[in-house]
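Student: Hi! Could we go through this structure together, a bit at a time?
Tutor: Happy to. Let's bring it up and start with a loop.

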Amino acid sequence: MVWKRTISSKTLERAMYASVKVEDKVILIAKVGDKFYGIDAVCSHAKCILGILDQDSLTVKCKCHDAVFDLRTGNMLEPPYVAKDAPKEKLGLKTYQVRDNNGWIEVDV
Ligand code: FES
């Protein structure tokens, strides 16, 4: 495990989710209830940055073509509306462990 410090816990509490750059990756981190989630923030379809979080379903939607990803698994649940026939399993995203370490949000990369 390689934990990397990102933003303060207070920043995440105010925003609920944020995209952070960690090494060569952009990772969306979210706090829903008392749990943290991390998922690649760059959409696997056409590289837009993800950004519409649904706390109830624990999903995040891409702003460009509405693909929906599961925050817990990275699986694509809804394909992009411009590529309805694309195989969902090949367009999933990597997920990451996230923790609060003394007021700092850390991601295991
Ligand atoms: S770039 Fe994300 S759905 Fe197309």
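Student: Where is Asp66 found?
Tutor: Asp66 is in the loop between β6 and β7. Keep in mind that this is a predicted model.

Student: What is the phi of Asp66?
Tutor: Asp66 has a positive phi of about 70°, although it is not a glycine.

Student: And how exposed is Asp66?
Tutor: Asp66 counts as partly exposed, because its relative accessibility is 33%.

Student: What do β6 and β7 form around that turn?
Tutor: They form a hairpin, with five residues between the two strands. Three bridges join β6 to β7 (residues 68-70), and the two run antiparallel. Within that pairing, Lys61 stands opposite Val68 in β7.

Student: What about Lys47, where does it sit?
Tutor: Lys47 is in the loop between β4 and β5. Its phi is near 70°, a positive value in a residue other than glycine. Lys47 is exposed, with a relative accessible area of 59%.

Student: Changing topic: how many residues are in the largest nonpolar core?
Tutor: It has 19 residues. Those with the most contacts inside it are Leu28, Ile39, Leu50, Val60, Cys62, Phe69 and Leu71. The elements giving two or more residues to this core are β3 (25-32), β4 (35-40), β5 and β6. β3 provides the largest share, three residues.

Student: What does Ile39 touch?
Tutor: Leaving out residues up to four places away in sequence, its contacts include Leu28, Val60, Phe69, Leu71, Leu93 and Tyr96. Apart from this core lies another one, of 11 residues, among them Ile7, Ala18, Val22 and Val98.

Student: How far apart are Lys31 and Val68?
Tutor: They are 37 residues apart in sequence and 18 Å apart in space, C-alpha to C-alpha.

Student: Now the sheet with β1. What is the strand order there?
Tutor: It is an open sheet of three strands in the order β1-β11-β10, with antiparallel pairing. β1 (3-8) and β10 (98-101) stand at the edges with a single partner strand each, so one side of each is left without a neighbour in the sheet. The twist averages 35° from one strand to the next.

Student: How many bridges join β10 to β11?
Tutor: Four bridges join β10 to β11 (residues 104-108). In β11, the bridge partner of Asp100 is Ile105.

Student: Last one, on rings. How many aromatic pairs are there, counting centres within 6.5 Å?
Tutor: The count comes to zero aromatic pairs. For a charge over a ring, look at Arg99, which lies over the face of Trp3, at 4.0 Å from the ring centre.

Conventions. Residues numbered from 1 in each chain as written. Predicted model: local features only at pLDDT ≥ 70, side-chain atom pairs only at ≥ 80, totals over all residues. Heavy atoms only, no water. Pairing = 2+ DSSP bridges. Axes fitted to C-alpha atoms, helices over the stretch in contact; angles between N-to-C directions. Core = buried A, V, L, I, M, F, W, Y, C linked by side-chain atoms within 4.5 Å. Buried < 20%, exposed > 50% of the residue type's maximum accessible area, 1.4 Å probe, protein only. Contact = heavy atoms within 4.5 Å. Phe/Tyr/Trp six-rings, centres within 6.5 Å; stacked < 30°, edge-to-face > 60°. Lys NZ or Arg CZ within 6 Å of the ring centre and 35° of its normal.
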